[in-house]
Amino acid sequence: MKQLSNRHILLGISGGIAAYKSAELVRRLKDHGADVRVVMTAAAMEFITPLTLQALSGNPVHTTLLDPEAEAGMGHIELARWADLILVAPASADLMARLANGRGDDLLTTLCLATPAPVALAPAMNQGMWRDPATQANIEILRERGIALFGPAAGEQACGDVGPGRMLEAEQLAELAAGLFQSRALDGVKLCITAGPTREAIDPVRYISNHSSGKMGYALAEAAADAGAQVTLISGPTQLPCPERVTRIDVISAQQMYDASLEKMGNCDIFIACAAVADYRPANVEEQKIKKHNDAMRIELVRNPDIVSAVASHPKRPFTVGFAAETQDVVSYARDKLQRKKLDLIVANDVSDSRIGFNTDDNRVTVIGADTEQHIEQMSKRQLARQLIALIAQQHREPAD
Ligand code: C5P
């Protein structure tokens, strides 16, 4: 059920005794990698508290349409756009009647109207209410509008009746929700990317760094998240906003990037080293700003640890991809680096060409593995990132023999 990985599921809860199962549903959806936000109707809060759902989902619970505080955080239209799927479970007879009539008289019905995402309902009600012609007519209208119906099951009901109207179990609902999504190349895969430059302090106000903008690493993070991966972006200082659905860890120095990478690598399937890590750092960082008393000054530098080599040499290594920025003999230097650093793949680019490489929007690369060599022509870093992610996903699934 990897299709739920990294999906935004808006779980709507309306008033019914089956609301107690919604707590379990939040857990199931999250177990399958979804990011869950909960919206409750006033009646739902009579059965289960927002606090329970907030604790389980890890997100604030939305309960009212016209709450200035909530609108200042994530407004209802933003919430409607955020969702990849609105799943209403339980969906009461009243909620379905309001949806069939196109009402927007509370937050949940308004979101169902406003969202561009698919809407699915898990009905739960007394068997008599389910069988009532009014309910059946509403269901017909909702089906015709393309709303998916999950269940209900038949059986013993909370009121003692026996018949149709029981809400499906949480795991069944999660499976049906997953079935609404197509699978993607990196569904369920955990991926770490290092990006940007590092800064190596000389004194409290000065540092050694480089021109890396982080654009390539950020584009890769975005493309990987779009492909279904759970992405951790370990980023040096950049001006770029964190892509959606990506968890960013901010670091400054190479040592901090090394520590974060080694900590995260145990929990990742693919590691992509895109950062322009400073090879050296000052041996001593002065505590006070250095004064310009002399005509010349010397700074002693020491080697930084090689992050990608350490990851690739680890006994529990993930599938490891490095980059090689070269100015001559690009492919042969890159191939040498692939072996020396024990990488699975290396992405080589020619930084002597000013149209590509550092701080540009375009790039052109050659991807090299033990038995592969593939050129990707010049294109925007975002387009290129999508192609690279597709290639990395394929090599990760079917590594060369
Ligand atoms: O050796 P070189 O710096 O050319 O290697 C580039 C590759 O190694 C890139 O993938 C870069 O992110 C990674 N690297 C690293 N740690 C370093 C230096 C480079 O992970 N200290």
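Biologist: Which residue stands opposite Val162 in β7?
Modeller: Glu156 does. This is a predicted model, in which local features need pLDDT of at least 70 and side-chain atom pairs count only at pLDDT 80 or more, while totals for chains, interfaces and linings use all residues. Residues are numbered from 1 along each chain as its sequence is written, and side-chain values use heavy atoms, without hydrogens and water.

Biologist: How do β6 and β7 run, and how many bridges join them?
Modeller: Strands β6 (residues 153–156) and β7 (residues 162–166) run antiparallel and are joined by four bridges; pairing requires at least two bridges found by DSSP. Strands here are DSSP runs of E with at least two residues, and helices are runs of H or I with at least four, numbered from the N terminus.

Biologist: And which residue in that hairpin takes a positive phi?
Modeller: Gly160, with a phi near 100°; the hairpin has five residues between its strands.

Biologist: Turning to pockets, how much space lies in the largest one?
Modeller: About 950 Å³. Its lining comprises 40 residues, and Ala275, Ala276, Val277, Phe323 and Ala325 are the closest to its centre. On a 1 Å grid over the protein atoms alone, a pocket is an open set of points with protein on both sides within 12 Å along at least five of seven lines, a cavity is a set where a 1.4 Å probe fits but cannot get out, and lining residues have an atom within 4 Å of a point. Points are joined across faces, edges and corners, and the volume is the space filled by probe spheres set on them.

Biologist: Which element gives the most to that lining?
Modeller: β16, with four residues. Elements that supply at least two residues each include α10 (215–226), α12 (307–313) and α13 (330–340).

Biologist: Where does the second largest pocket lie?
Modeller: It lies between domain 1 (2–178) and domain 2 (190–400), because both give residues to its lining; the bounds come from an automatic or database domain assignment. This second largest pocket holds about 400 Å³ of space. Of its 23 lining residues, Gln230, Val231, Thr232, Arg245 and Thr247 are the closest to the centre. Two or more residues come from each of β8 (190–195), β11 (230–235), β12 (246–250) and α11 (254–265).

Biologist: How many cavities of 30 Å³ or more are there?
Modeller: The search of the whole structure finds one, and the largest cavity contains about 40 Å³ of space. Among its lining residues are His62, Glu71, Met74 and Leu107, while α3 (68–73) and α4 (76–82) each supply at least two.
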